[in-house]
Amino acid sequence: MSGRFNVLLLIAVVVCALILVKTQYQARHLFIEVERSQTEARQLEVEWAQLQLDQSNLGKHERIQASAMKDLNMVPVTAERTQYLTIHDRQKQ
Amino acid sequence: MSSQSRQSARPRKANAKGVPFSQNPVLAPKLSAWRSRLVMFVLFVSFVALVGRAFWLQAMSTDFLQKQGESRYARTLELPATRGKITDRNGLVLASSIPVKAIWAIPEDVLAEPKEKIQQLAALLEMSEAELRKKLDSDHQFVYLKRQVEQVTSDKIEALKINGVETRKEYKRYYPEGEAMAHVVGFTNVEDAGQEGMELADQKELAGKLGSRRVIKDRLGHIVEDLRAINEPHDGKELTLSIDSKIQYLAYAQLKETLAKFKAKAGGVVVVDVQTGEILALANLPSYNPNDRSVLTGAQLRNRVMTDAYEPGSVMKPFTVSLALETNRVRPETVFQTAGKMTIGTAQIGDAHESGALTVAQIIEKSSNVGTAKIALMMQPQEMWEMFTKVGFGQAPKFDFPGTATGRMRNFKTWRPIEQATMAYGQGITASTIQLAHAYMIFARDGELIPLSLKKLDQAPVGERIISPNTAQTMRMMLESVTGPEGTAIRARVPGYRVAGKTGTAYKVEHGQYVKKYIASFCGFAPVSNPRIIVAVMIDEPDPAGPHFGGPVAAPLFSSITANALRTLNVPPDTTVTSLLPDNGLGDIM
């Protein structure tokens, strides 16, 4: 009787050990996955900062003014040439 | 069969003597007993030694051994934190950190490499081979070859696969607005620490906090497991300035134009939002490019609006007059005789353009020194000192910015009458441009003063009343007349808007002597019906051979900056749009 019980326990221990090995293996795989995604997130963040910077660089007023005057032959607006419209509060809504 | 088997069951006997095997005399022990005991003892001692050793390893030196083991697979990684961005009030990036590489080397290993590789490396680092070799000629194990190298270049260097050349991640700060914004934003050094401007003022908030994590790495360098909780890095906070980069750029461009036109040495402009106290623009010249600081002079670095305290001249007069109005000593119609020189003690005060009898309003309009001095002498020194102190003169501005000037104002107990008279029109007292702009807020805000801010605010701060709304409005009318046909600054006018302000021309003091160098200034606000912005301009040392007074030099600059700022802020005009101005010569730049 006790002999059979011991065999059962032995089998249980072996199964548990195998499950442990598998779980550990999976955990490490997932961990590497997380790691990779985090690196990618950081990379994207850097790229975003770079693009924001580019936007600022291209949207610089100095540059806009230069190309507006040179390429598009625009002239600065003056109050005399401006049509002012009065918006009433009711119309605003 | 049965008898035979019985026989075999009996113990065997030696054939000769019939002695059983176990009692064979050959087997009798002939060794002395101590030998076996010795073996026993040696075995016992060995066991004790083993147990002792095991105990020693397990219990006594376990920490040391575990550490040794861990050091073979566990690594501590530094988690970088990015410095916070700086943006303007509309979210446009003014300063941002981009990862770059520092290239460092172990000289011995690099010098052992073939010559072509070193040449290629030198080319990529943009230095001559001799220069590179000079850097490598060192006893140290660690030499920086070049810092802040862009990612693309560092990738190429890594592709060369030179032994002993390593890279390290670091950050480089970029300033897209460049010179126009340099003095406000400031810059950082290679260690990513703020050196000037808001970068320095807000260093604590902007700088991130590095994190760390302890991990197990496998043979291939992959991270396998975290050994303990990650110490998260904290990126620096994003800083939103109150600056509007459009107004800022226009102010900077116009200041540049003005300096060139009047051959002036330097200049500064500040634009303040009346409703919130936010600084919308703050420009200085000469300036510098914060992205390339290889040649920097002190003059370029100076944020003149903040750090240069000078004798403001007539710009001070409104404060003296408003105090007299506030205490009911004078009324706008009160007449003073301003003809001739006024003698106080041994000194004489005179006006550049002599007038006869002037009302208080005209004294401001025509900027009469004699008239202002006469008004000042009706008051106690302590009253004037209190007034000046309340509006911020002689005190450090109440916001965090490196190197702000306090200005000099002596204690009223030591004022002599002549000093009281000259201070009334802005001599013998110093203030910075930002202090003047701030003080003018009492006229623009119906007598209230609110603190200035370089950071964007969610709500306007609560003001402190300095003079009554009545006095402030009266002063507004007087200051508007300065830009009228009879005033000193008709060129300050802006088509479509009513503007008010005061010119100032100060002689510079060098070695305690007034010299023939001037500071032309103008401080004013617009639109008068409901002020939205205060603009203060300062032109340092316009060519004395040409025009050098506040009226012709500073007022036109005020006009063009105000016109642009009001348009940018969508402020509706409060007067008919007619061009009253003679061409101010700045028409070409908006």
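Which residue takes a positive phi in the hairpin of strand 19 of chain B and strand 20 of chain B? I found His511(B), with phi near 50°. That hairpin has 2 residues between the strands.

**Ground rules.** I am working on a predicted model, where local features need pLDDT of at least 70, side-chain atom pairs count only at pLDDT 80 or more, and totals for chains, interfaces and linings use all residues. Residues are numbered from 1 along each chain as its sequence is written, while chains are lettered from A and ligands numbered from 1 in the order in which they are written.

I took strands (E, at least two residues) and helices (H or I, at least four) as DSSP runs, numbered from the N terminus. I call two strands paired if DSSP finds at least two bridges between them. Strand 19 of chain B covers residues 500-510, and strand 20 of chain B covers 513-526. I looked up their pairing: antiparallel, over 10 bridges. I then picked out Gly504(B), whose bridge partner in strand 20 of chain B is Ser521(B).

Next I followed strand 20 of chain B to strand 21 of chain B, residues 533-540. This pairing is also antiparallel, over 8 bridges. Here Phe522(B) stands opposite Val537(B) of strand 21. These two strands form a hairpin too, with 6 residues between them.

**Domains of chain B.** I used bounds from an automatic or database domain assignment. Domain 1 runs over 77-240 and domain 2 over 245-568. I read 45 Å between their C-alpha centres. The contact takes 21 residues from domain 1 of chain B and 21 residues from domain 2 of chain B. I count a contact when the C-beta atoms of two residues, placed from the backbone, lie within 7 Å.

Which elements supply at least two residues each on the domain 1 side? I noted helix 8 (182-185), helix 9 (197-201) and strand 8 (239-240) of chain B. Helix 8 of chain B has the largest share, 4 residues. By class, I got 13 nonpolar, 3 polar and 5 charged residues on that side. Nonpolar here means Ala, Val, Leu, Ile, Met, Phe, Trp, Tyr, Cys and Pro; charged means Asp, Glu, Lys and Arg; the others, Gly among them, are polar.

**Chain B against chain A.** I went to the chain contact last. It takes 23 residues from chain B and 21 residues from chain A. On the chain B side, strand 3 (93-105), strand 7 (223-226) and helix 11 (245-261) each supply at least two residues. Strand 3 of chain B gives the most, with 4 residues. I logged the classes for this side of chain B as 14 nonpolar, 5 polar and 4 charged.
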